[in-house]
Amino acid sequence: MVVVSALPPLAMQAGANRVVQGVKIEHVCGDPALSPSADQALRRRLVVAALRALETPVVEPRLFRVSDGGEGDA
Amino acid sequence: MLRIGHYLNQFFAGIGAEAHANYPPEVREGPLGPGRAVDGLVKGNGRVVSTLICGDNFFNEYPDDARRAVQDWLATVGPDLVLAGPAFAAGRYGSACAEVCRLAEAAHIPAVTGLHPENPGLLLYKRAYAVPTGNSAAGMGPALAAMVALAKKRVAGTLGPAAQDGYLPRGIRRPGARETTGADRAVAMLAAKLAGRPFQTEIPVDKYDAVPPAPPVADMRHATLALVTTGGIVPKGNPDRIKRCSENRWCEYDLTGLDALSSDAYECVHGGFFNLPACQNPHLVVPLDAMRRLEREGAFGQLCNVLCSTVGNDQRLADCQRHGQEIGRLLRRREVAGALLVAT
């Protein structure tokens, strides 16, 4: 399980072990201020980060950030 | 004369509701909104000299700016006492109130807030002096009265233990003598438990369990992944009548053959944040478009065709735990190897 949240400290304090930094409370998985293609690209990077988190062994709550760009980065 | 500083969010300060949750910190002289009632409660002994306002989103999304604003306010105003909220069950507001209390105490200024016992703000600052409240602002009057009473005791130095003086336990145990030995008390507690009589534990266990991390997904290329959300994405029209607040159910929605969640067919019914962007583009909460693209590219095996959805706004912990177990069982039956839970 990986939690995607705009407020990772809260998720991690509540015990979520894999947390990906979401964008904002009102739009966790994207940014409506971006063009549709840029928004989709951001969302893709976020999901890629989530997949990487699922494949990463963790021993305690850990925050995973989304890369700034570049295919496959996480 | 007690000089009181009051922290309020954008709603109770009268700025606006969720659409204004990004309101940056602002100081105003004197009391605002509920602060006026505080003035009435302390008349003769004190007054609210300053109010700090901040939007709930701003405080939580820009914690460094918020912290600086609170510290500047405390230094400039120099209150004798800080009151924060009450925030009731509001998670972002409660987190902000807890942080305001923490910063005040760090500046040696006593601070009191009012929170529902399950408010996540208590997770972030366990030592907050908080009176317990219900989950609705209908309880504002009693909450303020309790906050002022607690504050008076703190300022007078007469504050006793939490159970006695009616505030939420702060996780501090002080040594002292009891009338009977531990062995006698333990046996009495066990006898009561076996007989189904009420008993009072001496060491409460934290409600938030520490769950050991699951091992990583071993074979992502063949793994089935699932999407889960507490962000309240539901079919348009909300056929299951999922509540905007205090919901105790979750629902399954079929994703078979769906590459996208259009705003014609889906909406966001979460009542705890400004959900218009999410209604206009549900992918901002449930990233189905990205998941399908990555599925087609072979980044993972397949997407489970069930979206598990609820509204996490003011959801009771016991319901959250039950939902987690029930959703977990469903995902296990579907042989799901990993899940994305998008929370708001």
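This is a predicted model: local features need pLDDT of at least 70, side-chain atom pairs count only at pLDDT 80 or more; totals for chains, interfaces and linings use all residues.
**Close-up views of chains A and B**

View 1. Val3(A) has Leu341(B), a residue of strand E12(B), as its bridge partner.

**View 2. The side of chain B that touches chain A.** The contact between the chains draws on 35 residues of chain A and 40 residues of chain B. On the chain B side, at least two residues each come from helix H2 (56-61), helix H5 (121-124), helix H9 (276-280), helix H10 (288-296) and strand E12 (338-342). Sorted by class, this side of chain B consists of 29 nonpolar residues, seven polar residues and four charged residues.

**View 3. The fold of chain A.** Chain A contains three strands and two helices, and these elements follow one another from the N terminus in the order β-α-β-α-β. A compact globule of 74 residues would have a radius of gyration near 11 Å, and the 12 Å found for chain A agrees with this expectation. Along the principal axes, the C-alpha atoms of chain A fill a box of roughly 35 × 25 × 15 Å. Of the 74 residues in chain A, 55% are buried. When the contacts in chain A between residues at least 6 apart in sequence are considered, 43% of them join residues at least 24 apart.

**View 4. Helix H4 of chain B and the residue that follows.** Helix H4 of chain B, residues 91-106, has 16 residues that should span 22 Å at 1.5 Å a residue, and the distance of 22 Å between its end C-alpha atoms agrees. Because 13 of the 16 residues of H4(B) are buried, this helix is largely enclosed by the rest of the structure. After H4(B) comes His108(B), which has a positive phi, near 60 degrees.

**View 5. The two domains of chain B and their contact.** Chain B is divided into domain 1, residues 2-165, and domain 2, residues 220-342. The centres of domain 1 of chain B and domain 2 of chain B, taken over C-alpha atoms, are separated by 34 Å. Six residues from domain 1 of chain B and six residues from domain 2 of chain B take part in the contact between them. On the side of domain 1 of chain B that touches domain 2 of chain B, three residues are nonpolar, one is polar and two are charged.

Conventions:
Residues are numbered from 1 along each chain as its sequence is written. Chains are lettered from A and ligands numbered from 1 in the order in which they are written. Two residues are in contact if their C-beta atoms, placed from the backbone, lie within 7 Å. Helices (H or I, at least four residues) and strands (E, at least two) are DSSP runs, numbered from the N terminus. Ala, Val, Leu, Ile, Met, Phe, Trp, Tyr, Cys and Pro count as nonpolar, Asp, Glu, Lys and Arg as charged, and the others, Gly among them, as polar. Two strands pair if DSSP finds at least two bridges between them. The radius of gyration is taken over C-alpha atoms; the globule rule is 2.2 Å times the number of residues to the power 0.38. A residue is buried if 20 or more other C-beta atoms lie within 10 Å of its own, exposed if 12 or fewer, and partly exposed in between; C-beta atoms are placed from the backbone. The expected span of a helix is 1.5 Å times one less than its number of residues. Domain bounds come from an automatic or database domain assignment.
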